[in-house]
Amino acid sequence: MPFDVRRLDIYRKVPKDLTQPTYTGAFISILCCFFILFLFLSELTGFIATEIVNELYVDDPDKDSGGKIDVSLNISLPNLHCDLVGLDIQDEMGRHEVGHIDNSMKIPINQGEGCRFEGKFTINKVPGNFHVSTHSATAQPQNPDMTHSIHKLAFGDTLQVHNVKGAFNALGGADKLSSNPLASHDYILKIVPTVYEDLSGRQRFSYQYTVANKEYVAYSHTGRIIPAIWFRYDLSPITVKYTERRQPFYRFITTICAIVGGTFTVAGIIDSCIFTASEAWKKIQIGKMS
């Protein structure tokens with residue numbers, strides 16, 4: 001006798017003439033479908049959306065940079081002529097550069113009385129400073145006015161990610177226009193290496209920083225006041241890493257199956273309980289009538 005494969009069917013079918021539709025069952029079925037649709041759309045939204053996970057570790061993330069950090073500075077000094085403005089860089093590795101001019105631009109503002117300095121340069125990954133001053137000027141002015149506003153100070157690559165909020169341009173918008181014109185300004189920066197890894201595995205290296213500042217009047221050895229705008233920096237050993245992640249497809253399918261199966265099972269139990277109670281109530285009523 002040949003083996004009947006249909007015996008392996010665990011989903012046995014019940015003939016329609018042996019089933020009984022009810023209004024309650026129809027109502028529960030409609031609610032069940034809407035509930036499944038709602039949960040499906042919620043899971044689909046979560047599956048499509050990208051989650052950003054952050055972690056901390058101790059390491060130098062950008063070992064291929066040659067020990068350098070790119071810096072972008074944009075600052076306005078409305079009462080200091082462009083001929084007097086210069087950028088000086090020095091650090092603990094012995095670098096001492098006065099009047100850095102590479103990749104920099106001075107734009108006259110305030111009818112030529114002021115200057116907007118825009119520059120891109122590199123610093124070594126050691127403690128140091130860079131400062132805007134009149135030190136590189138041919139002739140030092142009598143009373144240089146160092147009131148200023150900072151439009152941008154950023155390190156490394158520019159990260160424009162909607163879900164990442166960090167202090168990548170913490171000094172952007174700093175306004176010292178109402179300060180003492182002859183005062184020096186110290187901005188003490190703690191630079192934190194930051195890595196952003198997208199879904200494709202591509203990494204971008206940037207730096208966040210915290211800042212503290214103080215204002216004071218500094219005198220030279222000759223007794224003259226020579227103000228400057230100092231940016232003193234040090235690097236943190238802690239690296240912040242942001243990683244884009246998306247829910248795996250197998251987990252999405254598993255969740256959908258659980259939603260559909262669980263909803264139909266619970267709905268079937270509720271419908272069965274209601275139908276059983278309804279039939280029992282009918283029998284009680286019939287027994288009272290007889």
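Mentor: A residue is called buried when its relative accessible area is under 20%, exposed when over 50%, and partly exposed in between, using a 1.4 Å probe and protein chains only. The model is predicted, so local features need pLDDT of at least 70 and side-chain atom pairs count only at pLDDT 80 or more, while totals for chains, interfaces and linings use all residues. Residues are numbered from 1 along each chain as its sequence is written, and side-chain values use heavy atoms, with hydrogens and water left out.

With a disulfide taken as a pair of cysteine sulfur atoms within 2.5 Å, the structure holds 1 disulfide. Its partners are Cys82 and Cys115, whose sulfur atoms lie 2.4 Å apart. The bond connects distant parts of the chain, 33 residues apart: Cys82 belongs to the loop between strand E2 (68–77) and strand E3 (86–91), and Cys115 to strand E6 (residues 114–124). Strands here are DSSP runs (E, at least two residues), numbered from the N terminus. The torsion about the S-S bond of Cys82 and Cys115 is about 100°, which makes the disulfide right-handed. Cys82 is buried at a relative accessible area of 10%, and Cys115 is buried at 0%.

Cys32 takes part in no disulfide; the nearest cysteine sulfur belongs to Cys33, 5.6 Å away. Cys32 is buried, because its relative accessible area is 5%. Cys257 is also in no disulfide, and for Cys257 the nearest cysteine sulfur is that of Cys32, 15 Å away. With 52% relative accessibility, Cys257 counts as exposed.

Methods:
Helices (H or I, at least four residues) and strands (E, at least two) are DSSP runs, numbered from the N terminus.
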